[in-house]
Amino acid sequence: MIHHYKNIEPLIHSSAFVASDAVIVGDVTIDEQSSIWFKTVIRGDVAPTKIGKRVSIQDLSMLHQSPDNPLVVEDDVTVGHQVTLHSAIVRKNALIGMGSIILDGAEVGESAFIGAGSLVPPGKKIPPRTLALGRPAKVVRELTEADYQEMERVRKSYVEKGQYYKEHTDLNK
């Protein structure tokens, strides 16, 4: 379901896949070949949410903001199942593991990996190309070439899967 809020409509690129049971409200921009999966909620009723190209926001995730504090998800980001993103910045090529929570003013660096179930507290900066995990999330190591390859495999699989659903099913109608 796609709704306006105070006459602001979501802007969703025609190549993006949005599951029929996802809810997108208000000042939300979703760029090309991104995918918004089943039961996800993205509310742009407090500040803008900007989602880049080839981003997957997986099932049961929730995206929202605080006043004057937008949520930004740059290109080629993978957001795992049941993630909460709130007024944060997620830089390009990052992966947010399932069940993680990223809070106001936090920034996940380019190509960083947040382990499943992690909590990135308000204002925390996760450096680029690192693995951070825990509650609160702490950097545990630099990423390896094998990590990057796995992150890329997951990202590409969701772009392909999203485009398949967009083109071959009526689940987005």
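The side chains of Arg 91 and Glu 107 meet in a salt bridge, 3.0 Å from N to O. A salt bridge here is a side-chain nitrogen of Lys or Arg within 4 Å of a carboxyl oxygen of Asp or Glu. Arg 91 sits in the loop between strand 12 (89-90) and strand 13 (95-96), and Glu 107 in strand 15 (residues 107-108), so the pair ties together parts 16 residues apart in sequence. Arg 91 is partly exposed, with a relative accessible area of 26%. Glu 107 is partly exposed too, at 21% relative accessibility. Buried means under 20% relative accessible area, exposed means over 50%, and partly exposed lies in between (1.4 Å probe, protein chains only). Helices (H or I, at least four residues) and strands (E, at least two) are DSSP runs, numbered from the N terminus.

The model is predicted: local features need pLDDT of at least 70, side-chain atom pairs count only at pLDDT 80 or more, and totals for chains, interfaces and linings use all residues. Residues are numbered from 1 along each chain as its sequence is written, and side-chain values use heavy atoms, with hydrogens and water left out.

## Salt bridges

The whole structure holds 10 salt bridges. Three of them are set out below.

| Pair | N to O distance |
|---|---|
| Asp 76 and Arg 54 | 2.6 Å |
| Arg 91 and Glu 107 | 3.0 Å |
| Glu 152 and Lys 156 | 3.7 Å |

Asp 76 and Arg 54 form a salt bridge through their side chains. This pair links distant parts of the chain, 22 residues apart. Asp 76 is in the loop between strand 9 and strand 10 (78-79), while Arg 54 is in the loop between strand 6 and strand 7 (56-57). Asp 76 is buried, at 14% relative accessible area. Arg 54 is partly exposed, at 23%.

Glu 152 and Lys 156 both belong to helix 1. They are 4 residues apart, about one turn of the helix. An α-helix has 3.6 residues a turn, so residues three or four places apart point the same way. Glu 152 is partly exposed, with a relative accessible area of 30%. Lys 156 is partly exposed as well, at 42%. Salt bridges with shared partners join Arg 54, Asp 76, Glu 152, Arg 155 and Lys 156 into one network.

## Helix 1

Helix 1 (residues 145-168) has 24 residues. At 1.5 Å a residue it should span 34 Å, and its end C-alpha atoms are 34 Å apart, which agrees. The expected span is 1.5 Å times one less than the number of residues. The buried residues of helix 1 are Asp 147, Met 151, Val 154, Arg 155, Tyr 158, Val 159, Gly 162 and Gln 163.

## Strand 4 and its partners

Two strands pair if DSSP finds at least two bridges between them. Strand 1 (residues 2-3) pairs with strand 4 in the parallel sense, over 2 bridges. There, His 3 stands opposite Val 25. Strand 2 (residues 11-12) also runs parallel to strand 4, joined by 2 bridges. Ile 12 has Ile 30 of strand 4 as its bridge partner. Strand 4 and strand 6 run parallel as well, joined by 7 bridges. Val 25 has Arg 43 as its bridge partner in strand 6.

## Nonpolar cores

A nonpolar core is a set of buried Ala, Val, Leu, Ile, Met, Phe, Trp, Tyr and Cys residues joined through side-chain atoms within 4.5 Å. The largest one has 31 residues, of which Ile 36, Ile 51, Leu 85 and Ile 102 touch the most other members. Strand 4, strand 6 (41-51) and strand 9 (71-73) each give two or more residues to this core. The largest share, 3 residues, comes from strand 4. Apart from this core lies another, of 9 residues, among them Phe 17, Leu 95, Met 151 and Val 154.

Contact means heavy atoms within 4.5 Å. Leaving aside neighbours within four places in sequence, Leu 85 is in contact with Met 62, Leu 63, His 64, Leu 71, Val 73, Val 79, Val 90 and Ile 102.

## Ser 34

Ser 34 lies in the loop between strand 4 (23-30) and strand 5 (35-36). Ser 34 is buried, with a relative accessible area of 0%. A polar atom of its side chain lies 2.6 Å from the backbone oxygen of Gly 52. The Ser 34 side chain also reaches the backbone oxygen of Asp 31, at 3.4 Å.

Note on methods:
A polar contact is a pair of N or O atoms within 3.5 Å; within protein, one must be able to donate a hydrogen and the other to accept it, and residues adjacent in sequence count only if both atoms are side-chain atoms.
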